[in-house]
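Here is a walk through the aromatic side chains of a predicted model. Please look at the rings and what surrounds them.

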There are 2 protein chains.
Amino acid sequence: MKSDKELVGASTAVIILGVLAREPSYGYQIVKRVNEAADGVWEWQEGTVYPVLHKLEKDKLVRAQWQEADTGRQRKYYYITAAGRDALSTQAERWKAFNGIVAQLVETPHG
Amino acid sequence: MKSDKELVGASTAVIILGVLAREPSYGYQIVKRVNEAADGVWEWQEGTVYPVLHKLEKDKLVRAQWQEADTGRQRKYYYITAAGRDALSTQAERWKAFNGIVAQLVETPHG
DNA sequence: AAATGATACCTCGAAGTTCTTGGGTTGTCA
DNA sequence: TGACAACCCAAGAACTTCGAGGTATCATTT
């Protein structure tokens, strides 16, 4: 367990879906938001997020759309699809189950 | 998120440490116990566990010792070390923190 | 007691994933 | 026009997992 990498990796896709379920967003902003929430526990690199976004798009769980921001700059906004919401709730459930079992197994006798 | 693999991968080492913190054990038995606890949510293969055990040993978080079981058979028992216990509690804490943030991010507005 | 089959245990190589590194473009501001 | 910030992406390196197989022990049969 060299770094937090392994902890983080498992959940990238679920987190992104969660963020997009609240509100459409674009890669750069997703990174910012998640890193803010993570508050130092872990930190995403930009390069980490884009491949996952592309995969989610390919799987039709999100849909991408270039859009002009009020700044005049072009941004690639991602919207979660209906299938994406389904996947999100399924995965969130699975995550909870998984975490419960881990917690139980890791629970030590003497605190 | 093709399978449970990614969910599972993050925590293999922590889980093993947790199991060994309760009681020394050997590879085959660890697999059995964890799979029983996982109860279908995921399932370890034997080949998955041994590399991790070896890495933990190399990192001095566990210590291995061949021992004769009551059946007369030789088994390689793994014991958690003091450093291993430290790592376990550190990682368990980190896991909790991590999971809390994920839960918060994944929480959807409408259930 | 020798042979056979089943069980317990471990290792190694191949395959598939993810992250990191680093780069490339567009717009803003001095 | 130079520097900096916002924004996006590709490819290789590094990691893990899976699958197949190898060895040793026990039980059974004859």
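Are Phe98(A) and Trp42(B) buried or exposed? Phe98(A) is buried, and Trp42(B) is buried too; buried stands for under 20% relative accessible area, exposed for over 50%, and partly exposed for what lies in between, with a 1.4 Å probe and protein chains only.

The model is predicted, with local features needing pLDDT of at least 70 and side-chain atom pairs counting only at pLDDT 80 or more, while totals for chains, interfaces and linings use all residues. Residues are numbered from 1 along each chain as its sequence is written, chains are lettered from A and ligands numbered from 1 in the order in which they are written, and side-chain values use heavy atoms, without hydrogens and water.

Over all chains there are nine aromatic pairs. Rings of Phe, Tyr and Trp (its six-membered ring) pair if their centres lie within 6.5 Å; planes under 30 degrees apart are stacked, over 60 edge-to-face, and the rest tilted. Trp95(A) and Phe98(B) make an edge-to-face pair, 6.0 Å from centre to centre with 70 degrees between the planes. This pair crosses between chains, joining helix H5 (residues 82-106) of chain A to helix H5 (residues 82-106) of chain B; helices are DSSP runs (H or I, at least four residues), numbered from the N terminus. Trp95(A) counts as buried because its relative accessibility is 5%, and Phe98(B) is buried at 1%.

The ring centres of Phe98(A) and Trp42(B) are 5.0 Å apart and the planes stand at 70 degrees, so this pair is edge-to-face. It also runs between chains, from helix H5 of chain A to the loop between helix H3 (27-38) and helix H4 (46-58) of chain B. Trp42(A), Trp95(A), Phe98(A), Trp42(B), Trp95(B) and Phe98(B) form one aromatic cluster.

Key:
Helices (H or I, at least four residues) and strands (E, at least two) are DSSP runs, numbered from the N terminus.
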